[in-house]
Each structure stands twice: as C-alpha cells, then as structure tokens.
Amino acid sequence: MKKYLMTPGPVPVSTEVSLAEARPLIGHRGADFSALFAGIETKLGRLLKTSGKTVIFPASGTGALESLSVNFTGPDTKVISVSCGVFGDRFREITALTGASIVNVDVTPGEGVNPGVVAEAVAKNPDASVLLLTQNETSTGVFNRVDEIVSAIPQKNRPLVLVDSVSSIGTMPCYPEEWGVDAVATASQKGLLTPPGLGLVWLSERGWDAVSKRKCNNYYFDLMRQKKDLYKEAPDNPYTPPVSLYYALDAALDEISSDGWFELRSRAARALAAGIDSLGFELLVKEEKFRSPGVTAFFHPSGDTSAIAKSLKALGVEPAGGQGKFKGKLIRMSHYHDVRWPEISLALGSLYAALGDHRARAGDFVRRAFEVWEAK
Ligand SMILES: *Cc1c(COP(=O)(O)O)cnc(C)c1O
C-alpha cells in the first residue's frame with residue numbers, strides 16, 4: 001500500500017531531490033566538492049538573507065542545537081530559556097548540561113510566546129548573556145514571531161539570541177541578520193525538504209566574536225574548527241561530510257526558493273485548518289497568528305483522537321501523534337512539502353473516513369477548506 005507521509009520530519013522529498021542524492025560520490029577534498037559546497041552556501045545565504053556562511057554538520061537538529069549550547073554557554077553563563085513545548089524544553093536541557101545557570105520562562109504549550117514576557121525576563125536579568133528561543137514549536141504547531149520578540153527586548157547589553165529554527169527554515173521567513181538574531185540552528189529533514197542527516201548553524205558577527213573568545217570543551221561540535229575550513233577560498237569540512245546529502249540539499253534549495261513558496265505554505269495551512277475545524281476537530285493553537293505554516297496539531301473533543309489516528313494510518317496516511325503532555329492526545333500533520341489542493345483534499349477526505357462514529361458531526365469540510373484555499 002502506498003503511504004502518505006505527513007509527519008513533521010522527516011517530510012516527503014521530491015523525485016529531483018532523490019535523484020540528486022543518488023548521484024555518484026565525489027571525494028570531499030577537491031574542487032568538485034568545494035564548488036558544490038559553495039553553491040549551497042550561496043543558496044542558503046539567499047534563503048536566510050545573510051552575508052556570513054552556514055556551518056553544516058553531519059547531525060540531526062538536536063546536534064545543531066548542541067553545537068550552539070557547547071560553544072556559547074558554560075558554568076560562567078546565565079541563560080534565559082523561553083519554552084512553549086517539548087523542543088524548547090530540549091534546548092534548555094542541552095544547555096543546562098554545559099553547567100550554565102538557567103532562568104526558565106515557560107509559556108503554556110499550545111500558546112505562542114508574547115514578546116512582552118520575554119522583554120520583561122531580559123530586563124529582570126541584566127546579567128544573562130544568552131537568550132534561547134524556539135521559532136516553530138513542532139510539538140504543538142506554534143509559530144513564534146522571533147522578529148517581534150527581538151525588537152521588544154531591551155537593546156542595551158542585549159543577550160546573545162540563539163534560536164531553534166529546526167522546523168521553520170524553508171517554510172517561513174527566517175532572516176536572522178535582519179532581525180538581530182545571533183545564531184540559528186536547523187536540520188535538513190523538515191522545511192529544507194531533504195532527507196535527515198544534516199544539522200545547520202548560522203552565526204552573526206557578534207555570535208562568532210563571542211564564540212571565538214570562549215574555549216569549547218567539545219571537539220566535534222567546536223564551531224571555530226568548522227569556521228576555519230568554511231571560510232577558505234575553496235570551502236570544505238574538517239571531517240568527512242555526507243556528500244550525497246549535500247547533493248540532495250542543493251536540489252531542495254532550488255524548490256524552496258521558487259517564488260511565493262512561503263505564501264503557498266501558509267495558504268495550505270489555513271485551508272487545511274478550516275477543513276479540520278469543519279470536520280469537528282479542535283485545533284490546539286487557538287490564536288490564528290501563532291499557527292504554524294509547517295505543521296498543524298489537532299484533537300477530537302470526544303477524546304478518541306488516538307483511535308482516529310490509528311484508523312488514519314490504516315488508510316495509508318501517516319501523521320505524527322502528540323509529544324510530552326500531549327502523548328496519545330494529538331494528531332500532528334505536516335505541510336512543509338509541496339502540499340496544494342490535491343494533498344489537502346486527500347488529508348481531509350482521509351480524516352473524514354477515519355472519524356468512524358464521529359462522522360455525523362462533520363460539516364461541509366471540503367467546501368470550507370476550498371473557500372479558504374481559493375481566497376488565497
Ligand atoms: C525536529 C526538531 C528538533 C530535533 O531535531 P532532530 O533532527 O530530531 O534532532 C529540534 N527542535 C525542533 C523545533 C524540531 O522540530
């Protein structure tokens with residue numbers, strides 16, 4: 001049976017990306033690899049609107065986050081950690097392992113981060129040198145306005161702003177240089193529409209300056225070792241890179257950079273949300289402006305969410321379930337990839353079938369979703 005993958009990572013990759021990944025291997029110490037790497041850097045620079053380069057680790061998103069924690073923090077660092085879910089908690093946990101002292105700012109999962117709350121925490125902790133944020137909290141489908149948060153925090157002695165953008169880059173604008181963010185971490189298998197295996201990290205000039213003044217107690221994730229090779233005229237890596245994934249990422253970056261891609265993602269999210277609501281589900285994120293363009297989380301008020309998810313999987317549609325306190329209580333559907341009307345109607349039609357006894361409560365979901373889709 002054909003399976004329709006709708007998990008928020010990994011996401012389905014296009015035929016072009018799969019074919020690129022299957023190209024014959026090349027050595028990683030030579031002109032061909034440097035040219036491939038340099039091309040990827042140019043495309044990433046365009047996507048993030050950044051002048052500096054992006055470090056690429058063979059790692060998952062958690063590895064990319066760990067590289068930030070071990071390079072920016074230690075027992076001498078006070079960190080403000082803002083969390084609105086499982087991934088915000090993870091970034092905090094990784095950072096705490098460096099010995100840093102942490103000030104927790106917790107936002108109810110399912111709700112977005114209010115810039116004023118962060119500004120207050122920064123003002124109250126002038127000795128904190130690092131602030132941790134999550135751009136898109138994948139466990140709840142909350143999208144935080146990092147640009148608004150950074151503008152709201154006091155600019156004097158501003159802490160270094162490190163952002164988990166693992167599930168946002170490629171799906172929604174993320175312009176760290178423009179926004180005054182000092183580091184972002186991401187991974188290949190979500191908005192970047194590439195198979196899993198690459199962890200990416202970008203640093204601002206202020207970020208690099210801070211890192212260069214610290215001793216990193218980690219060999220593999222030491223960012224200064226990466227920087228040396230990254231900034232050579234013909235860039236390469238200190239250790240063996242997964243060359244095939246570089247080919248895949250290079251091809252995927254062309255898809256993401258097509259005109260109107262971000263608008264298309266949020267349009268698909270809004271149409272899907274309208275249909276899900278009309279089917280009788282409840283969307284976890286109540287405030288529309290905090291709803292993620294990449295992933296939508298919802299549940300059935302009857303409490304039968306996990307049974308509905310099971311029926312859905314039996315039909316061949318594979319979303320993810322809840323995490324943390326929402327384990328067994330949520331369905332999370334991703335739309336990072338090229339989801340348009342055919343995929344939306346497939347998802348909604350399958351959800352209708354999976355509703356079982358609750359089908360009678362479903363409204364005119366196709367019409368409602370299509371109205372939103374058509375309205376753009
Ligand atoms: C997926 C995800 C991670 C972890 O990434 P892995 O690649 O699974 O290590 C971290 N943060 C966010 C927001 C994510 O969505």
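Tutor: A residue is called buried when its relative accessible area is under 20%, exposed when it is over 50%, and partly exposed in between, with a 1.4 Å probe and protein chains only. The model is a predicted one, in which local features need pLDDT of at least 70 and side-chain atom pairs count only at pLDDT 80 or more, while totals for chains, interfaces and linings use all residues. Residues are numbered from 1 along each chain as its sequence is written, and side-chain values use heavy atoms, with hydrogens and water left out.

Student: What makes strand 5 largely enclosed by the rest of the structure?

Tutor: A strand here is a DSSP run of E with at least two residues, a helix is a run of H or I with at least four, and both are numbered from the N terminus. In strand 5, five of the five residues are buried, so the rest of the structure largely encloses this strand.

Student: How do you know which strands pair with strand 5?

Tutor: Pairing requires that DSSP finds at least two bridges between two strands. Strand 3 (residues 78-83) and strand 5 (residues 130-134) are joined in the parallel sense by three bridges, with S81 standing opposite L132. Strand 5 and strand 8 also run parallel, joined by five bridges, and V163 in strand 8 is the bridge partner of L133.

Student: Why are strand 2 and strand 4 called edge strands?

Tutor: The open sheet consists of seven strands in the order 2-10-9-8-5-3-4, with mixed pairing. Strand 2 (54-58) and strand 4 (101-106) are its edge strands, as each of them pairs on one side only. Neighbouring strands of this sheet are turned against each other by 20° on average, direction ignored.

Student: Which strands does helix 3 lie across?

Tutor: Helix 3 (residues 61-72) lies across strand 2, strand 5, strand 8 (160-164), strand 9 (183-187) and strand 10 (198-203), and it runs at about 155° to strand 9. Such angles run from 0 to 180 degrees between N-to-C directions, along axes fitted as lines to C-alpha atoms, for helices over the stretch in contact.

Student: Is V166 buried or exposed?

Tutor: The relative accessible area of V166 is 6%, and V166 is therefore buried. Its place is the loop between strand 8 and helix 7 (176-179). Not counting residues up to four places away in sequence, V166 touches G61, A185, T186, A187 and K190, where contact means heavy atoms within 4.5 Å. The C-alpha atoms of V166 and G61 are separated by 6.0 Å, although these residues are 105 residues apart along the chain.

Student: Why is helix 11 called roughly parallel to helix 13?

Tutor: Two packed helices are described by the angle between their axes and the distance between the axes. Helix 11 (residues 261-278) and helix 13 (residues 341-354) pack at about 20°, with their axes 10 Å apart. Angles under 35 degrees count as roughly parallel, over 145 as roughly antiparallel, 65 to 115 as roughly perpendicular and the rest as oblique, and helix 11 and helix 13 are therefore roughly parallel. The contact brings together A268, A271, L272, G275 and I276 of helix 11 with I344, A347, L348 and L351 of helix 13. These residues divide into eight nonpolar, one polar and no charged, where Ala, Val, Leu, Ile, Met, Phe, Trp, Tyr, Cys and Pro count as nonpolar, Asp, Glu, Lys and Arg as charged, and the others, Gly among them, as polar.

Student: What makes helix 8 oblique to helix 9?

Tutor: Helix 8 (residues 205-212) and helix 9 (residues 223-230) pack at an angle of about 125°, with their axes 10 Å apart. That angle makes helix 8 oblique to helix 9. In their contact, W208, V211 and S212 of helix 8 meet L223, M224 and K227 of helix 9, and the residues divide into four nonpolar, one polar and one charged.
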